[in-house]
Amino acid sequence: MSYLVFARKWRPQTFTDVIAQEHVTMTLRNAITSERIGHAYLFTGPRGVGKTTTARILAKALNCAEGPTPDPCMECEACRRIAAGGHLDVLEIDGASNRGIDEIRDLREKARYAAAEGGYKIYIIDEVHMLTREAFNALLKILEEPPERVIFIFATTEPRKVPATILSRCQRFDFRRIPSAVMGGYIKEEALKEGISITPDALSLVCRASGGSMRDALSIMDQLVSFSGGEITGETVSGLLGLVEADLLADISSAVFHSRGNDALELIEEALGRGYSIEELIDALNGFLRNALLCATGAEKGIGDLSDGEIELVRSTVAGVSDVHVLNVLRLMSGASEQIRLGASPRISIEGALITAAKLGVAFGFEDLPPVTPRVSVTAVGKEAPPAKTPEDAPRESAKTVEKPAEKPEPVAEPVQDNGDEDTREKENSHIREISGLFDMIPEDN
Ligand SMILES: [Zn+2]
């Protein structure tokens, strides 16, 4: 079986081929059609989601013999050269290795000369945030008086590190992480064309491991094909990547939530027997618990990289489990993850944490507690907790709402809920204080 590197072979060649970034490609197509072409573009977003690919397509669209056209012909000299990376007027610069002022001054000198082949001169600067301050200043001078028919396309994973003076002169396009379902569908289709079969659970594991980066997903596919030939199963993927299957994580979590510490330990034993390392297990378990927390708090939108089947599995695992409970288990296991990394006795760390976590429900009677959102936040801060904005925010926000009463007990005393029963509220508050105390014993952020 011949397997070209998929990342190169499957690279989208036209705007319509770029997946999950329609908000960008549509706007660019419209700009080209209506001849409103900017001098500088900033493409931001996580790695491997199509920024440089889209920059090259834009270069083709502008310099195609039939162009500027939203649909480059792919056959003319210019299209073929740009696709192969050998066009004289389309220059790709890696901002990380050409970050100094000399490089940018040099660029400024050369940008003055008209395009050798009569079209647009296009500079694609990747990882532009890596430029030095002096280099940015030099760049700014070019952007202030851009030469005719010179276009800059900057790509960056960290737009916050790009100076505002540069940002304000660019048309900005934010590329998104590729949703699991879209990525899965694409990989399956392309794999089929190559005569590669991939099972749904394998596909889902590949998408999860990629973290929404198509480049990573494709390089995983490369490894899988050379590892297993044309038949990719869940076992192949978990074997190669050390990914822990969702069922196992659900079983461990469920044992912990329902105070079955022994079962949790047996499952760990079984997993180690299957060849997973403790580091792999704890990472995967914390990922699962994070999703469990998002489910429990009703912030499911934050779950980005799971298949529908896996989301259903997470949902069923936290059914009837309070979000405070999930949050505390997650905090404990994150603490354990820290200890495991320090490496003293990983096995004892994970087992100790699991046993403690399994006892949490008994110790605190979480069932009697109101959920963190929205009731506790109403009691605690006197207003509804804002919905989680991003996946990263979600657990942190929940943590804040729980911790608040310990720091500021005053607002709690004010009756802000229809429930006027002092005893009940005092009971809730004492629970919250206990939980907050527990947080203090666990290292903050792993
Ligand atoms: Zn062309």
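The structure is a predicted model, in which local features need pLDDT of at least 70 and side-chain atom pairs count only at pLDDT 80 or more, while totals for chains, interfaces and linings use all residues. Residue numbers start from 1 along each chain, as its sequence is written.

Confidence comes first. The protein has a mean pLDDT (the predictor's confidence in each residue, from 0 to 100) of 81, and 79% of its residues reach 70 or more. Over residues 375-420 pLDDT stays under 50, and the model has 75 contacts beyond four places in sequence for them; a contact means that the C-beta atoms of two residues, placed from the backbone, lie within 7 Å. Residues 436-446 also stay under 50, with 14 such contacts. Where pLDDT is low, the predicted coordinates should not be read in detail.

On to the sheet. Five strands form an open sheet in the order β2-β3-β4-β1-β5, with parallel pairing; strands pair if DSSP finds at least two bridges between them. β2 (90-94) and β5 (171-174) sit at the edges with a single partner strand each, so one side of each has no neighbour in the sheet. Neighbouring strands are turned by 15° against each other on average, direction ignored. β1 and β5 run parallel and are joined by four bridges; threonine 44 has aspartate 174 of β5 as its bridge partner.

Then there are the helix pairs. The axes of α5 (residues 101-111) and α6 (residues 133-144) come within 8 Å and cross at roughly 15°. Axes are lines fitted to C-alpha atoms, for helices over the stretch in contact, and angles run from 0 to 180 degrees between N-to-C directions. α5 and α6 are therefore roughly parallel (under 35 degrees) to each other. Residues making this contact include Ile101, Ile104 and Arg108 of α5, and Ala135, Leu139 and Ile142 of α6.

Helices α10 (residues 214-228) and α11 (residues 234-241) pack at about 110°, with axes 10 Å apart, and are therefore roughly perpendicular (65 to 115 degrees). Among the residues in contact are Leu224 and Phe227 of α10 and Val237 and Leu240 of α11.

Conventions. Helices (H or I, at least four residues) and strands (E, at least two) are DSSP runs, numbered from the N terminus. Angles under 35 degrees count as roughly parallel, over 145 as roughly antiparallel, 65 to 115 as roughly perpendicular and the rest as oblique.
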